[in-house]
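Here's a quick briefing to read with the structure open beside you. Grab your viewer and follow along.

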Amino acid sequence: MLREQLKARMITMTYIVVFTGPAGSGKTTLTRTYGEWLRINMFLNVCQVNMDPGAEFLPYEPCMDVREFITIKDIMREHGLGPNGAFMKAVEMISQIMDKIMRKQPFNEPEKWDVIIIDTPGQLEAFIFRPETREILGRLQEKGRTVIAYLIDSSMIRTSSDAVSLWFLGILLQVKIGIDVIPIVTKADTLDETREKIIKKLITSPEKLLEDIKDSEGIVSDILPELISITVKTRGAYRPVLVSNSNSESVKDLHFMLHEATCSCGDLT
Ligand SMILES: Nc1nc2c(ncn2[C@@H]2O[C@H](COP(=O)(O)OP(=O)(O)OP(=O)(O)O)[C@@H](O)[C@H]2O)c(=O)[nH]1
Ligand SMILES: [Mg+2]
């Protein structure tokens, strides 16, 4: 298929994907891998945006970098704050300069780009859970179909309660920002057999996690079944994808799922 035809078939309007998730869940690495995958395999114009004012090193070339305006190091020095206080201050400052940010690439001409990928900080409570973030995300939504991806780090999952608690952070995020959140399980290459079983249950049939906790006592046996039932209810329309940066098939799965989530033209697989 001709390059332009393939492109037209895949993307009809700019789509924006915002990677969020706890510290170290793989947002920055996935911003690089997914961006490269889209360029090489889909021939798309991709703009990777760094919205993490605390980033030290980026493995991709950002077409917009919030550190042009604000860095955590400067805020810590100028306001005498620790790192978390500085992130809270940063989100406030970013919300105040959103007009300026929106006048820069890629937001000033979103139609020039097929996909805009946004990398965010991992300090959920000090950044993405802040009320100002809702306004920031609202401004992004004006520029294209926007999907918020919540990264669940599979290397943090050892037990069923780990799986359920990480899933819950995603639900809280959804409640907090009022936008549908697509769960993505990262670092699939680090899984052993036991952990893979737990994650497959979480993804396909979370009610089966109840089997793992049937002999538990105390708070786990009291609360976890309730949490699992909420997990089942909130699984939503999208099948969570298990992704690894070293497996391009999994990045392809991720792409089709994200694209489906933003696309009103149906399934293109
Ligand atoms: N094995 C494996 N490691 C990964 C994968 N993705 C990311 N990592 C590693 O996980 C660590 C954190 O990755 P980052 O991409 O920096 O995570 P982040 O979510 O951007 O981190 P913060 O911005 O600090 O919150 C790094 O050591 C990565 O190399 C993956 O698919 N597999
Ligand atoms: Mg990062």
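By class, the shell around ligand 1 is made up of 11 polar, four charged and two nonpolar residues. Here Ala, Val, Leu, Ile, Met, Phe, Trp, Tyr, Cys and Pro count as nonpolar, Asp, Glu, Lys and Arg as charged, and the others, Gly among them, as polar. Bear in mind that this is a predicted model: local features need pLDDT of at least 70, side-chain atom pairs count only at pLDDT 80 or more, and totals for chains, interfaces and linings use all residues. Residues are numbered from 1 along each chain as its sequence is written, while chains are lettered from A and ligands numbered from 1 in the order in which they are written.

**Around the ligand**

- Ligand 1 is surrounded by 17 residues, and the closest are G26, K27, T28, T29 and G122; a residue counts as near if its C-beta atom, placed from the backbone, lies within 6 Å of the molecule.
- Helix α2 supplies the largest share of that shell, three residues. Helices (H or I, at least four residues) and strands (E, at least two) are DSSP runs, numbered from the N terminus.

**The sheet**

- Seven strands form an open sheet with parallel pairing, in the order β3-β2-β4-β1-β5-β6-β7; two strands pair if DSSP finds at least two bridges between them.
- At the edges sit β3 (64–65) and β7 (241–242), each pairing on one side only.
- Helix α2 (residues 27–42) packs on this sheet, touching β1, β2, β4, β5 (145–153) and β6 (181–186). Contact here means C-beta atoms, placed from the backbone, within 7 Å.
- The direction of α2 makes about 165 degrees with that of β4. Axes are lines fitted to C-alpha atoms, for helices over the stretch in contact, and angles run from 0 to 180 degrees between N-to-C directions.

- Strand β4 (residues 115–119) is mostly covered, with five of its five residues buried. Buried means 20 or more other C-beta atoms within 10 Å of a residue's own, exposed means 12 or fewer, and partly exposed is in between, with C-beta atoms placed from the backbone.
- Both faces of β4 are covered: V115, I117 and D119 are buried on one side, and I116 and I118 on the other.
- Strand β1 (residues 15–20) pairs with β4 in the parallel sense over five bridges. In that pairing, V17 stands opposite I117 and F19 stands opposite D119.
- Strand β2 (residues 46–50) also pairs with β4 in the parallel sense over five bridges, and Q48 stands opposite I117.
- I117, in strand β4, counts as buried because 28 other C-beta atoms lie within 10 Å.
- Leaving out residues up to four places away in sequence, I117 touches V17, F19, T31, Y34, G35, V46, Q48 and V49.
- The C-alpha atoms of I117 and P62 are 9.6 Å apart, though 55 residues separate the two along the chain.

**The nonpolar core**

- The largest nonpolar core has 61 residues, and V17, I118, A149 and I184 touch the most other members. Such a core is a set of buried Ala, Val, Leu, Ile, Met, Phe, Trp, Tyr and Cys residues joined through C-beta atoms within 7 Å.
- Helix α7 (residues 160–177) gives the largest share of this core, seven residues.
- V17 touches V115, I117, I118, V147, A149 and L258, again not counting residues up to four places away in sequence.

**Loops worth a look**

- A126 lies in the loop between β4 and α6 (131–141) and is partly exposed because 19 other C-beta atoms lie within 10 Å.
- Beyond residues up to four places away in sequence, A126 touches N84, F87 and M88. Its C-alpha atom is separated by 9.4 Å from that of P83, 43 residues apart along the chain.
- Q105 and P106 are joined by a cis peptide bond, with omega about 0 degrees; P106 is in the loop between α5 (98–102) and β4.
- F43, in the loop between α2 and β2, has phi near 55 degrees, a positive value in a residue other than glycine. F43 is partly exposed because 14 other C-beta atoms lie within 10 Å.
- K187, in the loop between β6 and α8 (193–204), has a positive phi too, near 60 degrees. K187 is buried, since 23 other C-beta atoms lie within 10 Å.

Technical notes: Contact = placed C-beta atoms within 7 Å.
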